[in-house]
Structure formats: structure tokens, C-alpha cells
Amino acid sequence: MVVSSLKLQELIQEIREAKTQAQEREVIQKECAHIRAAFRDGDPLHRHRQLAKLLYVHMLGYPAHFGQMECLKLIASPRFTDKRVGYLGAMLLLDERQDAHLLITNSIKNDLSQGIQAIQGLALCTLSTMGSAEMCRDLANEVEKLLLQPSPYVRKKAVLTAVHMIRKVPELSNLFLPPCAQLLRERHHGILLGTITLITELCERSPAALKHFRKVVPQLVHILRSLVTTGYSTEHSISGVSDPFLQVQILRLLRILGQNHEESSETMNDLLAQVATNTNTSRNAGSAVLFETVLTILDIRSAAGLRVLAVNILGRFLLNSDRNIRYVALMSLLRLVQSDHSAVQRHRPTVVDCLRDPDASLSRRALELSLALVNSSNVRAMTQELQGFLESCPPDLRATCASGILLAAERFAPSKRWHIDTILHVLTTAGAYVRDDAVANLTQLIGGAQELHAYSVRRLYSALAKDISQQPLVQVAAWCIGEYGDLLLEGSCEEAEPLQVEEEEVLALLERVLQSHMSLPATRGYALTALMKLSTRLRGDNNRIRQVVSIYGSCLDVELQQRAVEYNTLFRKYDHMRAAILEKMPLMERGGPQVDEKGKESEEEEAAPNPTEPQASKLLDLLDLLDGPSADAHHPPPLDPTPGGTLINLLDLPCAPPPPAPIPNLRVFEREGLQLNLSFVRPPGTPALLLITVTATNTSAGDVTHFICQAAVPKSFQLQLQAPSGDTVPAQGGLPMTQLLRILNPNKAPLRLKLRLTYNHFGQSVQEIFEVNNLPVETWQ
């Protein structure tokens with residue numbers, strides 16, 4: 001018994017009535033078998049019905065590739081019902097990856113040449129949906145002819161097809177330039193909107209087209225002004241805004257045409273001010289037009305008053321109840337803060353209020369903008385707001401907030417005491433989320449502020465007594481107690497609250513840190529060293545300290561064990577030297593330009609020694625330091641002051657080869673404040689080895705996170721990538737991220753390097769791949 005094939009409506013009903021997925025699969029498999037049989041029989045009258053059912057099956061996610069050739073047969077059919085289903089099937093089942101799509105090129109060309117509008121529309125829709133680069137090149141002339149057809153229906157679809165062709169084949173730009181000027185005079189909404197889109201694509205892809213269309217800026221201004229004042233047509237108005245889609249597209253095109261062009265910007269200034277002041281923002285359509293107006297004002301060379309108006313509009317957006325509008329306002333202000341910092345500062349209270357928004361994406365953008373707004377005049381108020389946010393912010397924002405506060409305090413601190421208090425508050429609140437360099441920076445800051453040593457050690461001791469779970473805080477506190485424990489016990493600090501501390505309490509606290517299961521090995525090392533230093537600063541007996549140190553002589557951690565063994569040896573054999581060895585650490589100088597200048601000066605001094613002091617006396621002083629004072633020391637003869645004698649002595653000395661000249665650094669990447677520099681070193685003992693240090697710095701307002709740098713070299717080289725120093729490049733010139741590349745070049749071939757960078761910046765994922773071919777010759781010769 002032969003079961004007849006189902007109609008499309010019956011198939012849809014049976015699939016919907018299936019109670020399980022297995023029943024649905026059974027129905028579809030049975031019907032697909034009927035469809036295959038019908039295709040094999042070659043019934044021309046009902047082929048389009050079978051393909052329609054197959055397309056419905058394809059829309060449900062089941063395989064339908066066996067219907068591709070049937071699409072071609074239906075497209076070639078003279079009947080409109082066949083062509084309609086055939087073109088729909090081609091759009092759904094064919095794409096550039098299948099070679100079969102090229103077989104319909106001739107059919108589309110024939111249908112475009114016909115005078116039937118419905119068939120021309122089907123062919124144009126299919127071409128604009130799945131047309132490959134080869135099809136676009138073959139059919140570009142036919143589409144260009146249809147741009148000036150009398151039928152608005154065909155012209156609208158031809159314009160949209162031309163947009164697809166430009167995206168696929170930018171070289172076709174010159175072909176579509178002439179018709180655009182005539183199409184701009186159209187009153188048909190669809191044609192005008194498509195023409196604006198086409199001109200936008202042309203300007204983005206061709207500098208010649210950009211120069212050509214700057215002549216039509218007055219015409220575009222006239223069209224937009226008529227839209228704003230008189231309206232276009234009532235059927236295209238949305239929520240009282242006249243044709244917002246066309247307004248947005250015109251504004252986007254004006255933004256492209258006005259960039260870096262004074263004359264075009266002057267032409268559109270008055271119109272932009274009119275749109276910005278007269279657009280109703282009570283509905284979403286008006287907000288979209290106003291936001292596009294703001295972007296246009298900020299991108300062109302607009303007047304200063306107009307830019308202030310744009311920033312004020314973004315400030316009003318921050319008060320909108322719609323979270324999407326507030327989000328785009330925060331993103332726009334974040335991009336604007338570098339160029340118009342003072343204008344954005346006026347909306348600082350509103351930005352700070354957005355920090356408490358329950359939406360995570362909004363609070364993240366508000367945090368980035370708040371950190372970018374911090375300067376020397378508002379650092380106290382902004383830091384207080386950010387510290388309040390840090391106490392209640394979600395865990396995924398704590399690291400960003402803590403790092404931002406530390407960077408802002410380092411750049412704009414009004415006093416050292418305020419700086420120390422701010423870092424201590426961050427360490428107490430979110431110590432587990434701070435960057436690795438926070439401990440070193442704070443110890444360096446405290447060490448350099450001699451007048452605040454007593455204040456700092458008391459504050460840190462009080463914080464440590466309350467909480468020993470924050471590891472960076474514990475490390476800084478242990479270091480400070482070890483260095484300035486004597487000041488902690490004196491009790492003579494006017495700037496801090498009175499605090500009476502006994503020696504036993506200090507030792508008990510450090511022992512509690514050593515025994516805590518929350519303490520990291522590095523933290524225990526800090527505490528052990530602090531105990532050792534306290535042995536020279538406390539007036540009591542050191543037996544308790546010696547017992548604690550001796551316990552860790554058998555610790556499983558190698559670093560702690562080595563420290564404990566060395567400290568025990570110091571107690572037993574070198575007790576007379578212990579006080580001198582454990583003195584307070586000298587002031588550490590921060591790295592920077594000043595240090596570099598001092599280093600250069602010292603090098604100059606070494607290169608030009610004082611002529612009044614003979615070199616022999618310096619050598620004698622060195623021997624005295626090594627051997628100790630001795631009356632029987634044999635002094636070398638003094639150097640002959642005559643030129644001849646000096647030359648003879650120089651010739652007698654072994655001649656060392658001059659050091660190789662340093663290889664100049666190379667900047668290979670720069671985008672939105674992120675810079676990548678390469679520095680090179682070739683070890684003298686291994687000439688075939690090249691060491692490349694990749695240094696990433698960030699001068700923008702937002703941190704660069706999840707930073708990954710990958711490298712590749714030709715097969716004749718050997719490349720080894722060392723682990724990077726981190727995956728975050730801090731904002732505003734913070735600590736750079738470094739990574740070492742070891743390249744072995746045994747053949748001394750010219751070096752080529754390919755780099756791939758992946759990172760997140762301002763909430764966007766970025767991937768850059770580029771090749772470095774301009775490496776210095778010294779890197780491989």
C-alpha cells in the first residue's frame with residue numbers, strides 16, 4: 001500500500017502534534033523519503049511543493065542539502081510559482097561554500113534582463129543575500145542599469161544589491177558613483193534610505209568616493225532639515241519622530257563626510273544644533289536620533305559650544321530610566337574623557353550614582369569612567385566615593401576598583417599620609433584583589449616617609465590585629481613591624497591614637513600569622529624575617545624568637561627552611577654581627593627618569609676618573625678591603641706620570657674587546673593608548689641567540705585585560721616564549737607588562753617576526769595579527 005505524500009499544511013500540523021522528539025523525527029524522515037522519491041520521478045508540476053516542504057524541514061534544523069539542485073531547476077523554470085520557491089530555496093540552502101551557487105549566475109542574469117518586476121525583485125533579493133564575489137563581478141553591470149529603472153520597486157532592491165556588491169568587491173565602487181547623485185533626488189523612502197546606505201559604504205571603502213561625495217553635503221543637510229521641520233511622510237513617523245531610520249542614516253553619513261574636513265563641518269553645524277535641541281527624547285526613536293547626533297558632533301570639527309551641548313545631552317542620558325540609553329552614554333563619555341575632560345567633569349555626580357546600579361554592565365562602565373575622571377583637584381572626594389563602592393561592589397569588579405584607586409592615589413596623592421591611609425583602606429577592604437606590586441609600592445612609600453614611620457607601624461599593627469586574612473596587608477604589616485618595631489613600643493606618636501603595645505603581644509601576633517592556615521609561604525617569610533629583626537629592636541629576652549625560628553628549620557617549604565637555617569646560624573655563630581646585619585633597610589629609590597639620569601652621571605664619572613688620584617691607590621684600596629689592613633702588604637709601584645711610561649703600562653695590560661653597541665628599541669604596535677615595544681639583547685657568549693623583551697604599556701583610561709601575546713618565526717629559527725609578567729596592562733601608565741622571547745638563529749638569516757595580540761579593552765574583545773619586517777640588522781648579523 002503506497003502512502004500518499006502530505007501537503008505542506010498537513011506536514012506542519014503533524015509535526016506540531018508530535019508529542020516527543022522521536023515522533024517528530026519519524027514524521028520528518030518519512031516525509032523526506034517521499035520528497036526524495038518525488039525528486040527522482042521528476043514531476044515538474046509539483047516540484048515546487050516538494051521543495052517548499054523541504055525548506056520547512058530545513059528551518060527546523062534537519063538536513064536538506066539534497067534539494068540544492070532542485071532549486072536550480074525551479075529557478076530556470078519559466079513559471080513564476082516555480083521561480084519564487086526556487087529563489088527562496090537558493091537563499092536558504094546555498095552559500096559561497098558550495099560550488100553549486102555559481103550555476104544560477106546565468107539564470108539570475110536572464111531574469112534581471114526581463115521586464116517583469118516581480119521576477120527582477122526575486123533575482124535581486126537572492127543576489128544581495130548569497131551572491132559571492134565572482135557573481136557580483138559578473139552581474140554588476142546589470143544591477144547598475146537597474147538603478148535608473150522607472151519602477152521604484154526595482155530601484156530600491158537594486159540599490160540594496162549594490163550595497164552588498166560593494167561590501168563583497170570594493171573595486172566596483174567607481175561603477176556605482178554616477179547613479180548616486182540622481183538617486184539622492186528621489187522622494188521614495190526606500191530608495192533614499194538605500195542610497196544613503198550605499199554612499200556610506202562607498203565612502204568607508206574608497207578615499208576617492210569620500211572626496212567625491214563631500215560635494216553633496218549641502219544636499220544631505222537640506223534633506224535632513226526638511227525631515228526635522230516639515231516631516232517626510234506620516235507612514236514613516238515613529239512616536240512623533242519623522243522617519244528616525246532615515247535621520248540616523250543621514251547623520252551617520254554626515255559624520256563620515258565631516259571627519260577632518262573643516263568646510264563640511266561648518267556646513268552641518270547649524271543643522272546639528274537644530275536637531276539636538278528640537279528632537280523629542282521621550283521615546284526610544286528620538287533618543288536614537290539624538291545619540292547619533294551626539295556622535296556626529298563629537299567626530300567632526302564642530303564648534304566648542306556644540307561639543308559642550310553634546311556632552312550635556314549624554315549627561316541627560318545618564319538620568320534616563322532605560323538602562324540601554326545609560327549604557328551608551330557611559331561608553332560615549334568614556335571615549336570622550338581624554339579630549340574633553342573638563343566638560344565630562346560636570347557630570348561626575350551622575351556618573352558616581354551609576355556605580356550603585358544593580359546592572360553589572362552599567363556599574364562596570366561607570367567604574368571605568370569614574371576612574372578616568374580622577375584628577376588632582378577631586379582626588380579626595382572621588383577616592384572616598386570609590387572606597388565606598390569597593391566595600392559593596394561585586395567580586396568581579398573588586399580587582400578593577402582596587403587597582404584603579406591605587407593608581408589614582410599614586411598619581412594625585414595630596415600628601416604622603418593620605419596616600420598611606422588610602423592604600424591601607426584598600427588593602428583592608430579588598431587585599432586579596434590588589435595587584436602584585438601593591439606590597440612593594442606601599443613598603444617603598446612608607447620607607448621614604450621617615451616622619452610617618454611611627455604612624456604607619458601603629459596603623460598597620462592595629463589593622464593586622466583585627467584581620468590576618470588579607471595577605472597583602474599582612475605582608476606589609478609584618479615588614480613594617482620588623483623595620484620599625486621599636487617605634488611601635490615607644491608610644492610617642494602624636495598623629496595616631498594612643499596605643500599601648502607590649503613586646504609579648506607583638507610576638508604573639510606574628511606567631512599567629514606564622515601558624516595561620518590562611519598565610520601564604522611568602523607571608524610566612526615576611527613574618528619570620530620580622531621576628532628576626534625584632535630580636536635587635538626589642539629589649540627583652542630573645543629566647544622566644546630563637547625557638548620560633550628553630551622550628552621552621554625543618555619546614556617543608558624550601559624558602560622558609562633556608563631562611564630559618566640562616567637565621568639560626570646567625571644566632572649561633574655570628575651573634576656579634578646580628579645587630580649590624582639586621583639594621584633598618586635604607587631608603588629605596590623609585591625607578592624613573594631621575595634614576596636613569598643618576599645612572600648616566602655615575603657612568604660618566606666612571607668613564608672620566610679624577611686625574612689627581614692615581615689608579616694604583618684605588619687598586620691598593622681594593623686590596624686593603626679584601627685582605628684587611630696589613631703592614632706587610634706589598635704596594636705596587638706608582639705609575640710613571642710621563643706619557644711614554646703611561647703608554648708602556650697600557651700596552652702591558654691585557655686588551656679586552658670593546659662591548660658591542662646596544663641594539664635600538666623598536667615600537668611595533670600602537671592602538672588606543674596601548675603600545676608594544678621590543679628591546680633586543682644578544683649574549684656575547686652565544687652570538688646565535690637573540691633575547692627579545694616585549695614591553696606593553698597602556699596610557700589610556702581603561703585597563704587592558706586578558707592580554708596574550710603570541711609570536712611565530714620562520715622554520716629555520718627556534719623560538720621559545722617565556723611566561724609573561726601578567727595578563728593585565730594597567731591604565732594611565734601603570735606598571736608595564738613584559739614577556740621574554742628567546743630566538744635561536746644558527747644560520748644568521750634575516751629575522752621576520754609575526755605577532756598576534758589578543759586582549760580586552762573598554763569592554764571590547766580585540767585581536768590584532770601583524771608582521772614585523774623592520775627589525776634592526778644587528779639582531780641577526
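Visitor: What kind of model is it?
Guide: This is a predicted model, where local features need pLDDT of at least 70 and side-chain atom pairs count only at pLDDT 80 or more, while totals for chains, interfaces and linings use all residues. Residues are numbered from 1 along each chain as its sequence is written, and side-chain values use heavy atoms, with hydrogens and water left out.

Visitor: How many helices and strands does the chain have?
Guide: The chain has 35 helices and 10 strands. Helices (H or I, at least four residues) and strands (E, at least two) are DSSP runs, numbered from the N terminus.

Visitor: What share of the residues count as buried?
Guide: Of the 781 residues, 46% count as buried, meaning under 20% relative accessible area with a 1.4 Å probe, protein chains only.

Visitor: How many cavities does a search of the whole structure find?
Guide: Three cavities of 30 Å³ or more turn up. A cavity is a set of points on a 1 Å grid over the protein atoms alone where a 1.4 Å probe fits but cannot get out, and lining residues have an atom within 4 Å of a point. A volume is the space filled by probe spheres set on the points, which are joined across faces, edges and corners.

Visitor: What is the volume of the largest cavity?
Guide: About 120 Å³. Its lining has 12 residues, and Leu-406, Glu-410, Ile-423, Ala-438 and Asn-441 are the closest to the centre.

Visitor: Which helix gives the largest share of that lining?
Guide: α23 does, with four residues. α23 (395–412), α24 (416–430) and α25 (438–448) each supply at least two.

Visitor: And the second largest cavity, what lines it?
Guide: That cavity has a volume of about 70 Å³, and its lining includes Arg-682, Phe-717, Lys-748 and Trp-780.

Visitor: Now the largest pocket. How much space lies in it?
Guide: About 780 Å³. Of its 34 lining residues, Ser-403, Arg-435, Asp-703, Thr-705 and Thr-728 are the closest to the centre. A pocket is an open set of points with protein on both sides within 12 Å along at least five of seven lines.

Visitor: Which elements give two or more residues to the pocket lining?
Guide: They are α21 (360–373), α23, β6 (704–712) and β9 (753–761). The most comes from α23, with seven residues.

Note on methods:
Buried means under 20% relative accessible area, exposed over 50%, partly exposed in between (1.4 Å probe, protein chains only).
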